[in-house]
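Notebook open, viewer open. I want to look up how the pieces of this chain sit against one another.

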Amino acid sequence: MTTATAVAHPNIALVKYWGKADAHLALPATGSVSMGLDVFPTTTTVTVDGGAADDQEALGPRGPVPDRRAAAGRPRPWGDAFTLNGHVAEDGALVRVTQFLDLVRELAGSSARASVVSENSVPTGAGLASSASGFAALATAAAAAYGLDLAERDLSRLARRGSGSATRSIPGGVAVWHAGDDQGSYAEPIPAPPMAMVVVTIDAGPKPIGSREAMRRTIATSPFYPAWVTSTTETVGEMLTACAAGDFTRIGELTESNALRMHATIEGAFPPIRYLNSRSVAVFDAVAELRAAGVEAYATADAGPNVVVLTKPEDRGTVAAALAGFGDVIESGTGPGAHLVRSEDT
Ligand code: 2P0
């Protein structure tokens with residue numbers, strides 16, 4: 001058996017990804033730019049059954065293999081196993097992991113099944129990109145466990161197939177995810193000034209509509225979507241220029257503007273989708289007040305009510321103290337890329 005363990009962190013987009021050009025290949029409609037966090041890591045261990053040439057003939061943790069024809073077209077109950085935060089996953093979550101592992105097996109020329117054990121400290125489903133750290137860690141661990149030696153660029157392309165935002169959690173730090181074709185759509189680190197974030201968790205419960213479905217509805221029904229694609233493409237270029245120049249103020253202004261444009265576009269869907277609630281808006285107001293008082297802080301929010309505030313490392317304590325009344329407040333610096341912490345044949 002081969003076992004590999006990887007750690008990955010979430011990232012928060014400064015310029016958002018919202019909408020796919022190709023759902024099968026997980027190609028985004030636009031580029032995006034993010035900062036990787038150093039909090040909320042996901043640790044994932046993938047163990048591959050080595051010996052069996054045809055894994056479906058092997059005995060697994062769930063017992064002997066049933067008649068494979070009877071299960072044709074259904075998730076393989078004797079196939080991969082996935083445990084998330086101590087709970088055995090079934091149905092949707094297991095299917096998504098199995099489909100991802102199928103891609104890895106295709107690259108590796110393997111038919112061996114795998115056991116995946118993941119500990120995710122992101123509040124799952126709360127709009128804090130749990131799928132980003134989740135699929136970045138899974139891609140890194142699974143590639144190693146199946147014996148693939150992928151360059152960072154190809155690992156980020158692989159992670160992309162699991163979840164779009166996971167592409168950017170492979171390099172970590174400040175990263176750009178390029179729009180493009182399958183070969184050209186990957187993430188890479190970019191130079192940027194020192195930055196920090198303060199995560200204000202207003203609600204850690206599951207969101208009413210997942211981002212994948214919400215993206216589809218936005219594309220299909222929001223009259224603002226074409227303008228989102230045009231303006232975000234421009235904003236990516238402006239953000240890359242601001243990052244290269246070390247212009248924190250410009251980075252912050254572009255970040256807050258792009259987040260509000262994304263939410264406006266989503267709110268334009270029919271039936272409407274609204275992720276921000278009144279407490280989220282109150283945090284945006286408080287951040288504006290901080291700026292008026294001379295503290296450089298800029299708000300952003302993903303597919304949920306929680307607000308993340310971009311600030312300078314020296315101001316993160318001040319910002320966290322000012323926002324403590326709005327919810328759980330966690331400070332983060334710029335985090336590392338996804339990395340292996342263990343890989344061995346047993
Ligand atoms: C982002 N979000 O750029 C944007 C901003 C949420 C709001 O990427 O369908 O879970 O798996 O590619 O990556 C969340 O969407 O979607 C996301 P899929 P994903 O971070």
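Before anything else, handedness: I call a crossing left-handed if the near helix is turned anticlockwise from the far one by less than a right angle, and right-handed if clockwise. Helices (H or I, at least four residues) and strands (E, at least two) are DSSP runs, numbered from the N terminus.

**Entry 1: ground rules.** I'm working with a predicted model, where local features need pLDDT of at least 70, side-chain atom pairs count only at pLDDT 80 or more, and totals for chains, interfaces and linings use all residues. Residues are numbered from 1 along each chain as its sequence is written.

**Entry 2: the whole chain.** I found nine helices and 16 strands in the chain. For burial I use this cut-off: a residue is buried if 20 or more other C-beta atoms lie within 10 Å of its own, exposed if 12 or fewer, and partly exposed in between, with C-beta atoms placed from the backbone. By that count, 47% of the 346 residues are buried. Two residues are in contact if their C-beta atoms, placed from the backbone, lie within 7 Å. Taking the contacts with a separation of 6 or more, I see that 72% of them link residues 24 or more positions apart.

**Entry 3: helices H2 and H3.** Angles here run from 0 to 180 degrees between N-to-C directions, and axes are lines fitted to C-alpha atoms, for helices over the stretch in contact. The axes of H2 and H3 (residues 152-162) come within 9 Å and cross at roughly 125°. My labels: under 35 degrees is roughly parallel, over 145 roughly antiparallel, 65 to 115 roughly perpendicular, and the rest oblique. H2 and H3 are therefore oblique to each other, and the crossing is right-handed. On the H2 side the contact includes Phe135, Leu138 and Ala143, and on the H3 side Leu155, Leu158, Ala159 and Gly162. I sort residues like this: Ala, Val, Leu, Ile, Met, Phe, Trp, Tyr, Cys and Pro are nonpolar, Asp, Glu, Lys and Arg are charged, and the others, Gly among them, are polar. The H2–H3 contact comes out as eight nonpolar, two polar and no charged.

**Entry 4: helices H1 and H2.** How far apart are the axes of H1 and H2? I get 10 Å, with H1 (residues 91-108) and H2 (residues 130-145) packing at an angle of about 40°. That makes the pair oblique, therefore, and their crossing is right-handed. H1 brings Val97, Phe100, Leu101 and Val104 to the contact, while H2 brings Phe135, Leu138, Ala142 and Ala143. I count eight nonpolar residues there, no polar and no charged.

Entry 5: Two strands pair if DSSP finds at least two bridges between them.

**Entry 6: the four-stranded sheet.** Another open sheet has the order E2-E5-E10-E11, and its pairing is antiparallel. Its neighbouring strands are turned by 30° against each other on average, direction ignored. Four bridges join E5 (residues 32-36) to E10 (residues 174-177), and Ser32 has Trp177 as its bridge partner.

**Entry 7: strand E12.** Is E12 enclosed or open? Five of the six residues of E12 (residues 196-201) are buried, so the strand is largely enclosed by the rest of the structure. Five antiparallel bridges join E12 to E14 (residues 307-311), with Val199 opposite Val308. In E15, Glu331 is the bridge partner of Val198.

**Entry 8: Pro28.** I found Pro28 in strand E4 (residues 27-28). Pro28 counts as buried because 25 C-beta neighbours lie inside 10 Å. Among the residues Pro28 touches, leaving out those up to four places away in sequence, are Tyr17, Gly164 and Trp177.
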